[in-house]
Amino acid sequence: MSEITITILHGADRGKVYRELTVPMTIGREEGNSIQLNDERVSRCHLKVQRDNDRLVLTDLDSTNGTKVNGQETHLRILRYGDLIAVGRSLMLIGSDEQIAQRMARLNAKSGDGDSSVSRESASYDGSMGFDVGDGTPPQLAGLLGLIEPPEIPDRMSAGQAAQFCEILEYLQARLQKLIESAEIDDATQQVQVNYSTWQRLLDLQARLATLVRSVANP
């Protein structure tokens with residue numbers, strides 16, 4: 001990613017398009033930000049986007065109301081074309097029509113058999129996102145991209161960092177495996193049931209993940 005495009009989909013600034021933005025850049029409520037939002041729920045300097053090698057990284061700057069990317073609360077996140085950033089009452093789309101279309105094409109090529117959800121959603125896609133920033137509806141294909149593409153494994157890790165990362169993944173895999181094995185499947189209703197203690201362990205795992213993400217985002 002070199003220069004980026006950000007379109008405001010919702011909020012008081014709906015319809016504004018910022019093209020050829022360079023990073024690092026900031027988004028916030030006060031003057032001096034690369035994008036100034038007229039939104040009282042947005043902090044004065046809400047978030048920062050910077051480059052790390054060939055990736056764009058979003059950092060929430062300890063904002064009052066937080067930042068969401070593709071509906072997920074986040075403090076530190078790699079951005080991709082088609083991602084949706086929500087701050088306060090404002091919703092923003094990353095990337096131009098062409099950039100998002102190129103990403104969709106790559107995802108469809110990876111799916112091979114055309115059976116992925118992106119392939120189905122984009123069956124009648126004409127090369128343009130075709131969204132109307134004034135109708136109050138976020139582009140469905142753009143939101144979909146951030147949900148189906150698995151994150152990449154970090155590169156350029158030291159041997160020690162790679163070992164630590166493997167330990168984390170193995171810990172999560174082992175706990176999830178035990179939780180999956182304890183579930184009961186009703187073939188008649190096609191429903192999966194877990195007892196209360198299993199549910200509590202799932203909540204504990206979610207809490208541990210949230211703590212882990214926070215500790216990584218705030219070293």
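The legends below describe close-up views of a predicted model.

**View 1. The largest nonpolar core of the predicted model.**
The largest nonpolar core consists of 27 residues. I6, M25 and I85 have the most contacts inside this core. Strands β1 (4-10), β2 (17-21), β3 (25-28), β5 (47-52), β6 (55-60), β10 (84-87) and β11 (90-94) each contribute at least two residues to the core.

**View 2. I6 and the residues it touches.**
I6 is among the residues with the most contacts inside the largest nonpolar core. When residues up to four places away in sequence are not counted, I6 touches K16, V17, Y18, L21, M25, I27, I35, M92, L93 and I94. One of these partners, M25, is likewise listed with I6 among the residues with the most contacts inside the core.

**View 3. S90 in strand β11.**
S90 is located in strand β11. With a relative accessible area of 1%, S90 is buried, because buried means under 20%. The side chain of S90 makes a polar contact of 3.0 Å with the side chain of D39. Not counting residues up to four places away in sequence, S90 touches H10, G11, L37, D39 and I85.

**View 4. D13 in the loop between β1 and β2.**
D13 is placed in the loop between β1 and β2. The relative accessible area of D13 is 5%, so D13 counts as buried. A salt bridge joins the side chains of D13 and K16, at 3.1 Å from N to O. The side chains of D13 and K16 are also listed as a polar contact of 3.1 Å. K16 has a relative accessible area of 39% and is partly exposed. A polar atom of the D13 side chain lies 2.7 Å from the backbone nitrogen of N38. Apart from neighbours within four places in sequence, D13 is in contact with I8, Q36, L37 and N38.

**View 5. The salt bridge between D83 and R103.**
Side chains of opposite charge can pair when their charged atoms come close. D83 and R103 form a salt bridge in which the closest N and O atoms are 3.7 Å apart. D83 lies in the loop between β9 (76-79) and β10, and R103 lies in helix α1 (residues 97-111), so the pair ties together parts that are 20 residues apart in sequence. D83 counts as buried at 2% relative accessibility, and R103 counts as buried at 4%. A search of the whole structure finds 5 salt bridges.

View 6. D204 lies in helix α5 and R175 in helix α4, so the pair ties together parts that are 29 residues apart in sequence. D204 is partly exposed, at a relative accessible area of 30%. R175 is buried, at a relative accessible area of 17%. R175, D204 and R208 are linked in a network of salt bridges.

**View 7. A nonpolar surface patch.**
L176, I180, I185, V192, V194, Y196, W199, L202 and L203 make a nonpolar surface patch of about 890 Å². Helices α4 (159-181) and α5 (196-217) are the elements that give two or more residues to this patch. The most comes from α5, which gives 4 residues. One of the patch residues, W199, lies in helix α5. W199 counts as partly exposed, at 43% relative accessibility.

**View 8. P151 in the loop between α3 and α4.**
P151 lies in the loop between α3 (140-148) and α4. With a relative accessible area of 67%, P151 is exposed. The C-alpha atom of P151 is separated by 8.9 Å from that of I78. Along the chain, P151 and I78 are 73 residues apart.

Terms used. Residues are numbered from 1 along each chain as its sequence is written. This is a predicted model: local features need pLDDT of at least 70, side-chain atom pairs count only at pLDDT 80 or more; totals for chains, interfaces and linings use all residues. Side-chain values use heavy atoms; hydrogens and water are left out. A nonpolar core is a set of buried Ala, Val, Leu, Ile, Met, Phe, Trp, Tyr and Cys residues joined through side-chain atoms within 4.5 Å. Buried means under 20% relative accessible area, exposed over 50%, partly exposed in between (1.4 Å probe, protein chains only). Contact means heavy atoms within 4.5 Å. A polar contact is a pair of N or O atoms within 3.5 Å; within protein, one must be able to donate a hydrogen and the other to accept it, and residues adjacent in sequence count only if both atoms are side-chain atoms. Patches are made of residues with over 30% relative accessible area and no salt bridge: like charges are joined within 9 Å, nonpolar side chains (Val, Leu, Ile, Met, Phe, Trp, Tyr) within 5 Å. Accessible areas come from the Shrake-Rupley method with a 1.4 Å probe; for residues, only the protein chains shown count as cover. A salt bridge is a side-chain nitrogen of Lys or Arg within 4 Å of a carboxyl oxygen of Asp or Glu.
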